[in-house]
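Please examine the sequence and the three-dimensional model shown here. The paragraphs that follow lead through selected contacts, backbone features and charge pairings.

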Amino acid sequence: MMSIDTVRMAGREVLPLVEGGKGVSVSTGISAGHWAAAGGVGTVSAVNADSYDADGNRIPQIYSGRTRRERHEELIRYAIEGGITQVRIAREIAGSKGMINANLLWEMGGAEQVIEGILEGAPGMIDGLTCGAGMPYRLSEIAARHKVHYYPIVSSARAFNALWKRSYSKTSELLGGVVYEDPWRAGGHNGLSNTENPLKPEDPYPRVAALRKSMNQFGLETVPIIMAGGVWWLEEWAHWLNNPEIGPIVFQFGTRPLLTQESPIPDAWKRRLRRLHEGDVYLNRFSPTGFYSSAVNNSFMQNLRGRSERQVAYSSEPVGEHDTAHGIGARKREVWMTATDREHVLAWEAAGYTEAMRTPDSTLVFVTPEESRVIVADQVACMGCLSECRFSNWSQRGPNYTNGAKSDPRSFCIQKSLQDIAHADDSMGIEAADQLVDHNLMFGGTNAWRFGSDPFYADGFTPTVGQLVEQIMTGR
């Protein structure tokens with residue numbers, strides 16, 4: 001058994017274990033509360049959390065607004081009510097001494113309004129704010145107004161330097177820690193830059209050492225770095241402990257808490273986790289945010305990949321190699337493409353992919369008529385869950401509330417998919433629930449395949465959060 005010490009973070013002694021925040025009804029008050037009660041830092045997701053009626057039944061998030069703007073306001077109200085609900089649950093379980101953070105995505109729709117509403121509605125119950133998916137310059141201002149600590153999520157020293165110089169240096173006393181989220185290994189949305197190769201993961205050690213060096217230059221030697229992405233057994237990270245080049249270090253676990261008794265994800269999701277193999281998690285760029293994201297390569301991902309592969313460039317008139325006409329749509333309106341691309345198109349149409357949908361990049365993707373109807377319906381039903389969405393062309397900035405581009409059919413409605421997978425239920429039948437999980441976005445870190453090989457989970461064992469924390473603290 002390894003000797004793993006507590007760490008001082010935000011003025012308190014805690015186990016060096018943080019529960020990673022997972023949005024849309026996955027990091028709930030129950031899971032966060034039990035993680036904090038076990039001595040670590042629990043994290044409640046502020047991304048469209050569930051709320052309940054007086055009888056304890058989940059309130060479905062149904063949108064009745066006629067416009068996207070009206071539905072966006074409904075979404076913000078749901079998010080605030082759900083966030084307050086989950087924070088209160090977490091605090092009740094963790095007690096006054098447990099550390100509870102709230103996680104938000106800077107690029108989610110109404111991010112600042114949502115977190116302000118949750119902080120005001122659950123005063124004194126949140127210890128810190130964790131935030132990524134963008135450059136959250138104003139995170140420290142929000143934290144200062146509510147006298148809580150803040151934990152920016154970055155993927156490089158360069159990103160933290162920019163945040164520090166522009167904003168965080170003014171409120172350094174409330175900086176509880178800096179989360180280094182490995183852009184190749186972490187689940188969910190990742191911060192890969194345009195200069196980094198998504199197919200060539202880099203060793204996190206020199207990147208975190210560079211982050212520590214930068215932090216030390218700003219007088220932040222005692223502020224912990226929270227390593228997120230790719231952490232499974234702590235014995236694999238023993239050389240990071242008590243290492244002056246790394247400094248105070250904490251480890252974030254996002255994937256492992258999914259398979260616990262307190263985890264709210266459906267049983268069908270948990271069953272799928274046990275069946276994963278190495279390489280089954282897929283780093284892709286289909287997200288409507290425009291960010292890379294890490295998800296299980298299930299039929300949902302395979303369909304998105306196939307949709308993009310059935311894609312050709314076109315022009316509205318013959319230009320250069322685009323010298324071959326092809327009729328699309330009900331009126332068979334002519335567009336022009338290369339002769340080779342038209343051969344592909346004819347083959348796709350013969351296979352049933354007869355609907356051509358325009359993208360913002362002057363290309364056409366070919367889908368089935370049924371899929372085309374679903375894509376259009378989802379785009380029309382947009383409720384503005386992101387600050388900007390390439391799938392529906394929504395933008396939360398007025399006066400037009402559009403990003404100025406065409407809707408992109410190569411992406412998908414992320415809110416719909418995450419709500420569907422989070423609320424799959426075996427009461428609909430095990431096969432139907434398994435299908436629902438397979439046909440929706442299933443975020444996961446690259447280590448998710450280890451559920452099937454780790455002897456801790458042998459014979460179908462599902463630990464409580466307390467048992468998981470105890471096991472992690474052994475080092476393995």
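**Contacts, backbone and charges**

Leaving aside neighbours within four places in sequence, Glu116 is in contact with Ile142, Arg145 and His146, where contact means heavy atoms within 4.5 Å. This is a predicted model, in which local features need pLDDT of at least 70 and side-chain atom pairs count only at pLDDT 80 or more, while totals for chains, interfaces and linings use all residues. Residues are numbered from 1 along each chain as its sequence is written, and side-chain values use heavy atoms, with hydrogens and water left out.

Glu116 is placed in helix 3; helices (H or I, at least four residues) and strands (E, at least two) are DSSP runs numbered from the N terminus. Glu116 counts as buried because its relative accessibility is 16%. The classes are buried for under 20% relative accessible area, exposed for over 50% and partly exposed in between, with a 1.4 Å probe and protein chains only.

The loop between helix 3 (111-121) and strand 6 (128-132) contains Ile126. With 6% relative accessibility, Ile126 is also classed as buried. Not counting residues up to four places away in sequence, Ile126 touches Val87, Ile100, Ala102, Ile118, Leu119 and Val148. Between the C-alpha atoms of Ile126 and Arg410, which are 284 residues apart along the chain, the separation is 38 Å.

Which residue forms a salt bridge with Asp127? The partner is Arg91, at 2.9 Å from N to O; a salt bridge is a side-chain nitrogen of Lys or Arg within 4 Å of a carboxyl oxygen of Asp or Glu. This pair links distant parts of the chain, with Asp127 in the loop between helix 3 and strand 6 and Arg91 in helix 2, 36 residues apart. Arg91 is buried, at a relative accessible area of 13%. In total, the structure holds 21 salt bridges.

Another salt bridge joins Asp182 and Arg185, whose closest N and O atoms are 2.8 Å apart. Asp182 is buried at 0% relative accessibility, whereas Arg185 is partly exposed at 22%. Asp408 and Arg390 likewise meet through their side chains in a salt bridge, at 3.8 Å from N to O. Both Asp408 and Arg390 lie in the loop between helix 10 and helix 11, 18 residues apart. Asp408 is buried at 3% relative accessibility, and Arg390 is partly exposed at 25%. Through salt bridges that share partners, Asp361, Arg390, Asp408 and Arg410 form one network.

The loop between helix 10 (369-380) and helix 11 also holds Pro399. The peptide bond from Gly398 to Pro399 is cis, with omega near 5°. Two further backbone features concern phi. Val24, in the loop between strand 3 (17-19) and helix 1 (29-37), has a phi near 55°, a positive value in a residue other than glycine. Asn48, in the loop between strand 4 (41-45) and helix 2, has a positive phi near 50°. Both residues are buried, Val24 at 3% relative accessibility and Asn48 at 4% relative accessible area.

Why is helix 11 (residues 414-422) described as largely enclosed by the rest of the structure? The description applies because seven of its nine residues are buried. Among these buried residues are Ile414, Leu418 and Ile421. The buried residues of helix 11 pack against helix 2 (68-94), strand 9 (188-190), helix 7 (267-274), helix 8 (299-309) and helix 12 (430-438).
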